[in-house]
Amino acid sequence: MSATRDHDQHQPWLWSQETWEQKLNKARAGRSLKPAKWKNGAQMAVAVSFDSDHETFELRNGGESISRLSQGQYGARRGMPRILALLEKYDVPASFFMPAVSAMINAEEVKTVVSAGHELGMHSWIHEFNSRLDHDTERDLALRAADMLEKLSGQRPVGMRTASWDFSPFTLAIAREMGLLYDSSLMADDDPYELLEDGEPTGIVEIPVEWIRDDAPYVAMDRMTGARPYGGPVMVADILKREMDVAWEEGGLFQVTLHPHHVGHRSRIFILEEVLRHARDKGDVWFCTHADLARYCAEECGLTKP
Ligand SMILES: [Zn+2]
């Protein structure tokens with residue numbers, strides 16, 4: 001079989017075993033990092049996160065639509081104050097993942113988030129898709145993004161979430177080179193696990209996400225494409241509470257990803273409040289940032305960087 005045919009993206013049935021194994025093993029779930037018990041013996045860990053994309057969700061597509069740019073600005077202008085007020089009301093720490101450009105546009109927001117005790121994590125440069133970049137470009141953008149967040153917040157980010165959870169064959173190697181504690185972009189489990197690269201342990205914690213626990217797929221709407229909401233906000237709150245109920249029964253992690261420009265609206269902000277109230281009503285819950293969670297899992301499970 002020729003090398004050309006072996007690597008043909010459109011004819012995977014012609015691949016050698018070695019070819020598909022290479023793809024499979026670029027970033028794969030290793031051992032579970034679910035600790036024997038959560039901090040202070042809690043029954044469930046609750047990690048709430050927000051992807052503060054704001055204007056970059058349109059800039060990354062070319063920035064042609066002034067209308068969509070204004071929707072992004074709404075996230076910073078009206079969504080964020082509502083979100084921060086609810087987190088304060090329930091005394092819950094959260095993780096905010098920000099593209100560097102979003103942080104530059106909204107530099108005051110960065111300071112507010114960090115001074116309230118929340119975590120600021122990496123979320124690309126301008127919400128670019130990693131899988132469309134070569135290695136050097138992706139690496140350069142990741143390093144510049146970390147530098148920019150550190151400059152604006154005074155803290156070096158310890159974790160990342162790739163934009164649109166788009167993970168290239170180079171992403172994990174770049175995260176390792178940067179010495180990151182964790183990633184939160186992949187979906188192989190409900191609970192934290194160690195990432196393997198080419199079959200080898202990396203010492204990097206994966207805090208898994210899922211589109212199921214993300215507001216965007218349920219409520220996003222784009223006038224110019226076929227993107228339309230397929231359920232109302234009541235449905236979203238119901239799904240998240242069901243996810244949490246089983247996490248509680250299993251003694252596991254409940255992780256959620258919300259977007260200020262989606263959940264921050266008057267008719268949707270109750271989704272966040274119901275999630276926080278549902279967790280608090282269960283009683284024995286550890287509310288943590290993604291960084292707190294990754295640190296705890298790493299320590300409890302004896303994770304080391306090779
Ligand atoms: Zn995003």
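These legends go with a few close-up views of a predicted model. Residues are numbered from 1 along each chain as its sequence is written, and side-chain values use heavy atoms, with hydrogens and water left out. Local features need pLDDT of at least 70 and side-chain atom pairs count only at pLDDT 80 or more, while totals for chains, interfaces and linings use all residues.

**View 1. Helix α10 packs against helix α12.** Here α10 (residues 233-250) and α12 (residues 269-282) sit with their axes 9 Å apart, at an angle of about 25°. That makes the two roughly parallel (angles under 35 degrees get that label). Helices here are DSSP runs of H or I with at least four residues, and strands are E runs of at least two.

**View 2. Who touches whom between α10 and α12.** Contact means heavy atoms within 4.5 Å. On the α10 side you'll find, among them, L240, M244 and W248, and on the α12 side F270, I271 and H278 are included. Sorted by type, the residues of this contact are eleven nonpolar, one polar and four charged.

**View 3. Strand β8 and its partner strands.** Strands count as paired if DSSP finds at least two bridges between them. β6 (residues 182-183) pairs with β8 in the parallel sense over two bridges, and D183 has E206 as its bridge partner.

Technical notes: Axes are lines fitted to C-alpha atoms, for helices over the stretch in contact, and angles run from 0 to 180 degrees between N-to-C directions. Angles under 35 degrees count as roughly parallel, over 145 as roughly antiparallel, 65 to 115 as roughly perpendicular and the rest as oblique. Ala, Val, Leu, Ile, Met, Phe, Trp, Tyr, Cys and Pro count as nonpolar, Asp, Glu, Lys and Arg as charged, and the others, Gly among them, as polar.
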